[in-house]
Amino acid sequence: MKKSIILIMAVLLAGVAVFAHDDDKFPIQVFCPKPEMLYKQNSDFPFAFYWRKDYIDIRKFDKIVVKPMVTKFWKDNEDSKKLQAELKFMADMLNAEIVRAINAEGQRIELKITAKPDAKTMILEVAVVPLMKLEYFRRYINYRSGASYSGEYLPFGMVCMNMAAIEAVVRSGEDDSLVAQIAGICDIPEKTDPMNEAQWRAITAQIFRNWSKNFVATIKAELNRDKDGKYLSISGKIPTVAPAKEQK
């Protein structure tokens, strides 16, 4: 047993040494400004990690500014121009789904889109954060399948295969104080094939749609939380949002 433990530790230390090398280092990337406050939630809660400020009058917020998706975490040494084009497409897709979800349920939850923040406004920023280097993902998908991949839509493929997390930060339009933080990977939609490159954009759109729906359902809901930080219940039903038109 001791020899096994020593062997495992040697492997782990070797891995750390390689990971720390400047050429290979991929730092743990976090968008949420205070990740230490994020609480791990139960599986029945819509988000894996969630935090909302205690004792805040969440019902006072009746407007929301939706900022463009944050893309600073992505890098591609092989084709930076193609990556930026893909991220622009992804950002537009995410923004459209968030706006659609808010417009669909805005009257019910008393929340509408605005461009000018004030004391009753929430400011939403969302980042899609890769959990591995893009070049490693290229290698991974080629190992996983006998099919030859075109190299297109790689950020979408990472979202579909749970290799990218969605993190959101909500601030007050009055003083820029932190209102809420959300983080986690998303469930892969049923009856989809994440290994099918041709489906990556459509699957990502569905993931963004579900995420937006859950965001709208929880951000102003009455949440009951236990002493360990887990939210026990959400008042009100999770809304049903009409699907977006197919992206081309």
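Figure 1. Phe 31 and Phe 73 are both buried (under 20% relative accessible area, with exposed over 50% and partly exposed in between, for a 1.4 Å probe and protein chains only). The model is predicted: local features need pLDDT of at least 70, side-chain atom pairs count only at pLDDT 80 or more, and totals for chains, interfaces and linings use all residues. Residues are numbered from 1 along each chain as its sequence is written, and side-chain values use heavy atoms, with hydrogens and water left out. The rings of Phe 31 and Phe 73 form an edge-to-face aromatic pair, 6.3 Å centre to centre with 80° between the planes. Rings of Phe, Tyr and Trp (its six-membered ring) pair if their centres lie within 6.5 Å; planes under 30 degrees apart count as stacked, over 60 as edge-to-face and the rest as tilted. Phe 31 lies in the loop between α1 (2-20) and β1, and Phe 73 in the loop between β3 and α2, so the pair ties together parts 42 residues apart in sequence. Helices (H or I, at least four residues) and strands (E, at least two) are DSSP runs numbered from the N terminus.

**Figure 2. The open sheet of 7 strands.** Strand order is β1-β2-β7-β6-β5-β3-β4, with mixed pairing; two strands pair if DSSP finds at least two bridges between them. The edge strands, each pairing on one side only, are β1 (39-40) and β4 (112-113). β3 (residues 63-66) and β5 (residues 121-130) pair in the parallel sense over 4 bridges, and Val 65 stands opposite Ile 123 in β5.

**Figure 3. Helix α2 on the sheet.** Helix α2 (residues 80-109) packs on the sheet and touches β3, β4 and β5, its direction making about 140° with that of β5. Contact means heavy atoms within 4.5 Å; axes are lines fitted to C-alpha atoms, for helices over the stretch in contact, and angles run from 0 to 180 degrees between N-to-C directions. α2 bends by about 35° at Asn 103, the bend being the angle between axes fitted to the seven residues ending there and the seven starting there. Glu 110, which follows α2, has a positive phi near 60°.
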